[in-house]
Amino acid sequence: MSDFTADDHRFMAQALRLAERGAWTTRPNPMVGCVLVAGGEVVGEGFHVQKGGPHAEVVALQAAGDRARGATAYVTLEPCAHTGSTGPCADALIAAGVSRVVAAMRDPFPQVDGAGFDRLRAAGIEVESGLMETQARALNRGFLSRIERGRPWLRIKLACSIDGRTAMANGDSKWISGEASRADVMRWRARAGALMTGSGTVLADDPQLTVRLEESAPVATPLRVVLDAGLATIARGNVRDGAAPTLYVHAHDTKVPHGFDAPRVSMPRGADGQLDLHAVLAALGEGGINEVQVEAGATLSGAFLRAGLVDELLLYVAPVLLGERGRPLFDGLGIDTMAQRLHLQTIETRRIGDDLRLLLRSRSAL
């Protein structure tokens, strides 16, 4: 790895902040930011807003104009070398006459995967990679999961009391977390490609599973996914109301009711007789979903955790007690000894109103 300077780090950090501005709109494409620097001065910058629109490098080059000649381009992902919805960014950088490209990481997308770097080097441009790669991978963890693992990044959102209960014994859970936490959840929903729940939650709560933001900001509407092996929830209305699309996932052997015309896909059952969750995520990955946010009860949350498919846990802990008869966070984990306990990494803790928000990740996640 190159010996990057303090300025290199500063400008790449700026490019990463730019990239994150596309978190609610870029999918299924990765978030990318670009900063062009000449003589120690930023002469152009940009980020990728949405699929089909100009890439970050092109936006930055347009802003810089002739000042891009001889500049250094700091970009959070390897410039593309293929023609998709837009032309190759590597060619645009070459044509603009930049002298150096510093990338946070190589793009594992098969049509790029080093080809962008090769094209730049062949044109005599100095290319360095690996600056702030950890941060770049964390930013695009959903895209990287889909490309490298063939499935979306899976995040489970839960709210609980300080004694780890998500609802009363009768199912009453409104509201454990505070208003600020509920607003914060909407911002996490906005970055997900799909919002997923199970049939039990639909039958009990009839959720909307939509993004409702206090601020006016563009959002690419997430797909609503209902895991319903027997299609027992189709009479429930909220999950199908509004403009957000809804996909029902049912078992191969389920008889589809006459006249049921909602988008659906059938999946095999696993050894436990429930839907094969690995197959479900693989199918969503093939459909271009980068991140899935699961908002469900203890049964489905526990099933994902038991299957080793949970990458991230978004947990809102409220300063309340619900008692020993309250419902737990997860069911069916089968943990009987300390040796069987599941380890998670604490990535972030933050105060949200009166609640505490924990962001935890599996040790096997990207």
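**Cysteines and sheet**

Cys89 counts as buried, with a relative accessibility of 0%; buried here denotes under 20% relative accessible area, exposed over 50% and partly exposed in between (1.4 Å probe, protein chains only). Cys80 is likewise classed as buried, at 7%. The closest cysteine sulfur to that of Cys89 belongs to Cys80, and the separation of 3.7 Å is too far for a bond. A disulfide requires a pair of cysteine sulfur atoms within 2.5 Å, and a search of the whole structure finds 0 of them.

The model is predicted: local features need pLDDT of at least 70 and side-chain atom pairs count only at pLDDT 80 or more, whereas totals for chains, interfaces and linings use all residues. Residues are numbered from 1 along each chain as its sequence is written, and side-chain values use heavy atoms, leaving out hydrogens and water.

An open sheet of mixed pairing is formed by 9 strands in the order E11-E10-E9-E8-E12-E6-E13-E16-E15. Helices (H or I, at least four residues) and strands (E, at least two) are DSSP runs numbered from the N terminus, and two strands pair if DSSP finds at least two bridges between them. At the edges, strand E11 (264-267) and strand E15 (344-352) each pair on one side only. Strand E8 (residues 194-198) runs parallel to strand E12 (residues 291-294), and 3 bridges join them. Met196 has Val294 in E12 as its bridge partner.

Helix H10 (residues 298-306) packs on this sheet, touching E6, E8, strand E9 (223-227) and E12; contact means heavy atoms within 4.5 Å.

Definitions and conventions: Axes are lines fitted to C-alpha atoms, for helices over the stretch in contact, and angles run from 0 to 180 degrees between N-to-C directions.
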